Amino acid sequence: MKILLTGVTGFVGRRLAEELFNENIEINLLVRNSNKLEEKFKSRCNVFEGDTFNKDILERALEGVDTAVYLVHMMGSDKNYLEAEKRSAENFIKICEKRSVKRVIYLGGLGNKENLSIHLKSRYITGEILSSSPKVSCIWFRAGVIIGSGSASFEIIRSLVEKLPVMIAPKWVNTLTSPIFINDVIKYLKAVILSDFYKTAQIDIGMPTMTFKDMVLKTAKVLGLKRYILSVPFLTPRLSSYWLILFSPVNFDIARELVMGLKHESIIENSNAKEIFPGVKVTEFEEAVRLSIEEIEKNQVISRWCDSSKSQVCDVPFVPEVSKAIYVDRYFAKIDEEKAGKIFKVCKSVGGENGWFALNFLWWIRGLIDKFAGGYGLNRGKRKGNLRIGDSIDFWKVVDVVDNKRILLEAQMKLPGKAWLEFSILDDDFTITAYYYPKGLSGRIYWYLMLPFHKIIFKLMQKDIIRQANGLS
């Protein structure tokens, strides 16, 4: 069997690809940026670089494919993404018909079509389009809130529980939903891929229904914390979104979409999962939380919600974009060549719990400003484990990593322009470089206002990195 996987650099897709890695099937991967793939995938799979709007690439990727897995989603600040979702799904199913693909597997969201946010409506419409073909069957899984290390919903819940003993919450905390553990989502997807089930079907998956309030209190119980929730009627979706971004890693656009999704029930409406896949047992909520926390503590987080999505949210740009920079600010330091590897190791530890080596209170203030501006701030943190292209580090994104030579970060904070930060090592030179492409007059004013801080912060960063490297055995 040959299958096509899309969305493999995303939260669900990367985990599914890992799960299928050792199965006896031929795997094609359609990715927008192949640099985000680990070498093991490039050597094991047939990689096609492009997207669902590139029909030529899509035709090549679907040639000879029996089963196509559609995990494409475009939630972002772009108000036209609903229309883009439609065009993407239409392109995909047409090319599937042309290439005689037998079935498409799709993961969408739970909820009644008449009462959906734009985010969930886009997923519903995508499912309808993919299910409309008389030639290609569609197995359409529908899931609610996904619980798991790296899930946006779970990171919000965990952040709120850990930071707030008492929560004043809007009335949507009492809306019913059917959450599901990420491992169970992968089990269902894998089960159908490896099965001989080829009928069009809508399959709702998840745990017994509960409220967002239930999820928060059950998470607190697992963490051994006592928490109280006071529900009030006057918190609007917009105010609720600001409330979420202050205490969780998501930005305003993501928070708003999640809040709008929680305004209406998203519960299981059929029993097809039990009937078609009786061997898949759904994990209970508290056990799902425990396993998710354990994965985080053991540094085994495979993927996060912000690994891949529409560019306005979290995607990796083409690295050559840094060449657009108008302003460049470099800081050089001489090092012992034999310690280059240790310096690179320290550089890889930047961000998250480790901070930014120097004047962390200034970074914290900048992060707080970014949060109020609708950005990510610093509390998005970083995934633990080997640094890889596509990883998020606070309000930065890793766009290039060359072992022992270079780490390039692109800024995702709100600012009037585009910025990059580079750590590079060449022979006995260790350099930190800030690149900036301003947008209009405000962008240029911003650069000159920040220059004095650069000269203090980056020099101190450099010194502390070298000091830490000298202390490594």
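Because the model is predicted, local features require pLDDT of at least 70 and side-chain atom pairs count only at pLDDT 80 or more, while totals for chains, interfaces and linings use all residues. Numbering starts from 1 along each chain as its sequence is written, and side-chain values use heavy atoms, with hydrogens and water left out.

The protein contains 15 helices and 19 strands. These elements are DSSP runs numbered from the N terminus: helices are H or I runs of at least four residues, and strands are E runs of at least two. Of the 473 residues, 58% are buried. Buried means under 20% relative accessible area, exposed means over 50%, and partly exposed lies in between (1.4 Å probe, protein chains only). The accessible surface amounts to about 20700 Å². Carbon and sulfur atoms hold 53% of that surface. Areas follow the Shrake-Rupley method with a 1.4 Å probe; for residues, only the protein chains shown count as cover. Among contacts with a separation of 6 or more, 73% join residues 24 or more positions apart. A contact here means heavy atoms within 4.5 Å.

Helix α1 spans residues 11-20. Eight of its 10 residues are buried, so α1 is largely enclosed by the rest of the structure. The buried set is F11, V12, G13, R14, R15, L16, A17 and L20. Helix α6 covers residues 152-163. From first C-alpha to last, α6 reaches 16 Å, close to the expected 16 Å at 1.5 Å a residue. The expected span is 1.5 Å times one less than the number of residues. Nine of the 12 residues of α6 are buried, so this helix too is largely enclosed by the rest of the structure. Among them are F154, E155, I156 and I157.

S151 sits in the loop between β7 (146-147) and α6. S151 is buried, at 3% relative accessibility. A polar atom of its side chain lies 2.5 Å from the backbone oxygen of I146. At the start of α6, a side-chain oxygen of S151 also comes to within 3.3 Å of the backbone nitrogen of S153. Polar contacts are pairs of N or O atoms within 3.5 Å; within protein, one must be able to donate a hydrogen and the other to accept it, and residues adjacent in sequence count only if both atoms are side-chain atoms.

The largest nonpolar core has 66 residues. Such a core is a set of buried Ala, Val, Leu, Ile, Met, Phe, Trp, Tyr and Cys residues joined through side-chain atoms within 4.5 Å. L5, V12, L16, F141, I147, V185 and I205 touch the most other members. Helix α7 (residues 182-193) gives the most to this core, with seven residues. A second, separate core of 40 residues includes Y327, F357, L387 and I432. Beyond its neighbours within four places in sequence, L5 contacts L16, A17, L20, I27, N28, L29, L30 and V69.

Six strands form an open sheet in the order β14-β19-β18-β17-β16-β15, with antiparallel pairing. β14 and β15 (392-393) stand at the edges, each with a single partner strand, so one side of each is left without a neighbour in the sheet. Pairing requires at least two DSSP bridges between two strands. β14 (residues 327-334) and β19 (residues 429-438) are joined by eight bridges. A333 has F430 in β19 as its bridge partner, and V328 stands opposite Y435. Side chains alternate along β14. Y327, D329, Y331 and A333 point to one face and are buried.

D400 lies in strand β16 (residues 396-402). D400 is buried, with a relative accessible area of 15%. Its side chain makes a polar contact of 2.5 Å with the side chain of R406.

I267 occupies the loop between α10 (252-261) and α11 (272-276). I267 is partly exposed, at 22% relative accessibility. Setting aside neighbours within four places in sequence, I267 contacts L110, L176, T177, S178, D204 and T209. I267 and T175 are 92 residues apart in sequence, and their C-alpha atoms are 9.9 Å apart in space.
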